[in-house]
Amino acid sequence: MMRLGDLLKLDAPDRDALIRAELTPDMETLRITGLCADSRKVQRGNLFVAVAGVQTDGAAFIADAIQAGAVAVLTDDSVDIDPATMPVPHIRSNNPRRALALLAARFFPRQPNTIVAITGTAGKTSVANFAAQIFQSAGLRSASIGTLGVIVDGQVSYGGLTTPDPVSLHRTLDRLSREGVNHVALEASSHGLDQHRLDGVRLTAGAFTNLGRDHMDYHATEEDYFAAKARLTTELLPKGAPFVVNINAPWGNRAAELADSAQLRVMRLGQDIALTERIVQDGKNGPQQALTVAFFGQTKQVTLPLPGAFQVDNALMAAGLAISCKLDPDAVLNSLQKLKGVSGRLEPVNMQGVPGQIFVDYAHKPDALRSTLEALRPYPKRLLMVIVGAGGDRDHGKRPLMGAAAQEIADLVIVTDDNPRSENPAQIRSEILAAAPRAIEIADRREAIQRAVSIMTTDDVLVVAGKGHEKGQIIGDTVLPFSDHEEIAKALVERKSNRNATTEERVSPQGPPLWTFAELEAAMGGRLFGSQPKAVYGVSIDSRTTQPGDLFFAIKGDNFDGHDFVTKSFRQGASLAIVSEDKLPALGRTAGPFLVVADVLRALQKLGMAARARTEARIIAVTGSVGKTSTKELLATGLSAEGRVHASIKSFNNHWGVPLSLARMPLDVEYGVFEIGMNHAGEIEPLVKLVRPHVAIITTIAPVHLEFFDSIDGIAAAKAEIFAGLESGGTVILNSDNSYFGFLKGEAEKAWAGRVIGFGLGAEAEARLVDFVLSETGSIVAANISGHELTFAMPTSGRYLAENTMAVLATADALGANVDLVANALSGFKLMSGRGARETLALQAGSYTLIDESYNANPASMAASIGMLGDLQTKGRKIVVLGDMLELGHDAPHLHAELSAAIEQTDIDRVLLCGPQMAALWELLPEERRAVYAATSRDLMAPLLAEISRGDVVMVKGSLGMAMSGLVQTLERIHAPIETFASGAVPEQAIDAETFEGA
């Protein structure tokens, strides 16, 4: 906040022309809360600066700005306003744009000590990013500002314009300075320079990359275009400031001469720093270049881990800027060997399953496209392919030039749509095709990518050009979600033919048996009643799912006794039933055959032990408060790429589910994956001693089943029981982000674990989630597993699943499996019903997306799902429907109330709640997010139907006992599915029409 009189005291040679106002003492003391040039964004206490735009003049909106709370107005001299009609102070200027920038610099006075600005047609983004990387390698906190946003210490923070508006720019610089960032590299576009957006920035050094055809819809001629760029040299850089210029690039010598005239200290790339030799190489991690660089009389050998002569220019220009800022030249050139490519700038696609080499590049201008294709021309052994388009409502003249460049250099050209905006996309394509008659025309960009990927071989290179880092496609005035990276990942998934996980595998009666009778008798003992079967082909405890050739265990449960269903099991085709001695008389006329034992459950446990004893498979056991089942399914999917997998189905993780899963394990599997759960202390140890895993995983420790524990400490101690059955020298995999990591690691070491591996997000994690990019139908995951970096696609939007995938890849690594193959197979992962499956449901006037998380809920999974919904990019609103989390004990109200923090951090629009515990959350929600609170899920159905509109995303989640699945099933019946996403459901259990009854 600043007083108006103080704000207007600009220190500029043209101050009197920029600021002219007759202010009373009261006006001088007006408190200004901010500056704004958009009447729609004015806030109370702002100074409104009315600038003339291309289509509208800000002066037309002065009344709106004052109505919105502006307390002062600055206009151009030419604006005719009657002073008597102005209720606020009126300031005049001969250059409102420059005045706005200088006022912003005064309002936000802090700036980093070192700021370098890069202008030119191509290379600005890369040079700025490279310069920031070099600063960072020297131990300096750095940032770059430009097309990719504000990147601080290598992490994207915010923004996304080549040169931001002056208020945003100066606010950003002020913020960076406050955060301790003292070295900044920023892009200076011709628009930004021409519109005075950089005025007031205290620049240390500047650079000029090149000049080519661009923005001819804005600049009348190339001379005008160059003149706009030249403002950096002639007006913004102080005399004596360093200026780096590529004299070998178009307009380079002209820029150098102009800099000399402006008394800048010119460093010429190609003279002061010069490339004397460049050798193109295929490096370990992709294309690289061996360089010999001469600088100030010295020579140095440098390996640049990037392809293309233009990237050499960009890297050396960034080096020149760093050297001009007094960094050691030798150290600067050494740092070039660690440079990372910029997102969307000749960026290699390092996803699993890439048949050759694929690059995503922002090239949307003729010179840039030509440079990109020339850079990659040496690498393919068969075809260099390019997908190219052009933007609508932009320079028409560059379209045939792009077509000509593509056809001249590439072997196969696919012309497709880019951002057509308001133009007819067919007309844009025809203008490119006019100069590329041999090109293939595929209008749909998604289809073009799929076609190119489908025909690739290992000897090919594909360039997907034009959009680079962009996450949307502009059609008309709508920005549709679209990412070249994501579409490439989808195309790779479609191309692959992975083996499916065998979580519900059953031995065929036509093949070798699962168990011979002799093996069964040896394992369980007992006495035969009836005729002896030769063998069994499956194991069942549920007569409804018993199949011909099965062995049926008549287990007595809490609600039913399996002995009552023995007859039905034989009707279903069972070959043998295991029954209790004391129940035999009650079976009456049922002839069997039976194997009669003292205790049916104990017999099942014995058979499970026999299955474990006879297998040579590598065994994995999974437990944890959250994510057990999903991690088990991920393991089954991933390891299926390496060999035959047997895994527990559903959530078979208790005293009968674990031995049942073991008993079903075929003899010839290579991997066995078992989930182990618990409600009370002491339940895991006997189960894990049956499983005897080579690898034990604990996904996380969270407040789940608190009804049966005094504290979370008790839960951690109970989960640690999994180490009791670990095979000697086995591996333990733990969540290193969890606060109980240290405790669990200590317990694992006491159990003589051979190795403890941490997975998570932190830098200390041996299996680390490096990046997670959300898409409409899934995600792209980057990981580092024991130093091995890999990127792969997953058909899921859940970050928590991506985190647990790190445990899966750590397991593969620990077992000696091919981690790349395992990650590659995860593209075929399918979510179980109620665990995040998504589908598009039809409405009369469109559609909406339903996310089914209805199977279960606890505080950790609730927060993760809410965060995932918040991260999604949607066309409509985000609606969340939540039911009570059960089994949380006396702390349940507080744990439900805490969900308000997770919701507050998202842009979720509407919240529907049900259950007595959710009342605590309802009380904390802001009024605008409250939709409906009801006692039961059934009571939410009508208001939910009334709430949903086209384009919305609806997520349903709650504990199983809250019958939230009934909401999902009813929505699916009313609104017919249009398509099931790649993460489509694997049905876990039938939901009958009476699901809501008793909820």
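**Salt bridges and burial, one definition at a time**

Biologist: Why is Arg877 called partly exposed?

Modeller: Arg877 has a relative accessibility of 25%. Buried means under 20% relative accessible area, exposed over 50%, and partly exposed in between, with a 1.4 Å probe and protein chains only. The 25% of Arg877 falls in between, so the residue is partly exposed.

Biologist: What kind of model is this, and how are its residues numbered?

Modeller: This is a predicted model, in which local features need pLDDT of at least 70 and side-chain atom pairs count only at pLDDT 80 or more, while totals for chains, interfaces and linings use all residues. Residues are numbered from 1 along each chain as its sequence is written, and side-chain values use heavy atoms, with hydrogens and water left out.

Biologist: What makes the pair Asp952 and Arg877 a salt bridge?

Modeller: A salt bridge is a side-chain nitrogen of Lys or Arg within 4 Å of a carboxyl oxygen of Asp or Glu. The closest N and O atoms of Asp952 and Arg877 are 2.8 Å apart, so the pair qualifies. Asp952 lies in the loop between α32 (941-947) and β47 (953-957), and Arg877 in the loop between α28 (859-871) and β44 (878-883), so the bridge ties together parts that are 75 residues apart in sequence. Helices (H or I, at least four residues) and strands (E, at least two) are DSSP runs, numbered from the N terminus.

Biologist: Is Asp952 buried or exposed?

Modeller: Asp952 is buried, because its relative accessibility is 2%.

Biologist: How many salt bridges does the structure hold?

Modeller: The structure holds 42 salt bridges. One of them joins Arg178 to Asp174, with the closest N and O atoms 2.5 Å apart. The two residues are 4 residues apart in helix α7 (residues 166-178), so about one helical turn separates them.

Biologist: How do you know whether Arg178 and Asp174 are buried or exposed?

Modeller: Arg178 has a relative accessible area of 57%, so it is exposed. Asp174 has 5%, and therefore it is buried.

Biologist: What joins Lys689 and Glu685?

Modeller: Their side chains meet in a salt bridge of 2.8 Å, N to O. Both residues lie in helix α23 (residues 684-691), 4 residues apart. Lys689 is partly exposed at 45% relative accessibility, and Glu685 is partly exposed at 31%.

Biologist: Why is Asp395 called buried?

Modeller: Its relative accessible area is 8%, which is why Asp395 is buried. This residue is found in the loop between β20 (384-388) and α14 (398-409).
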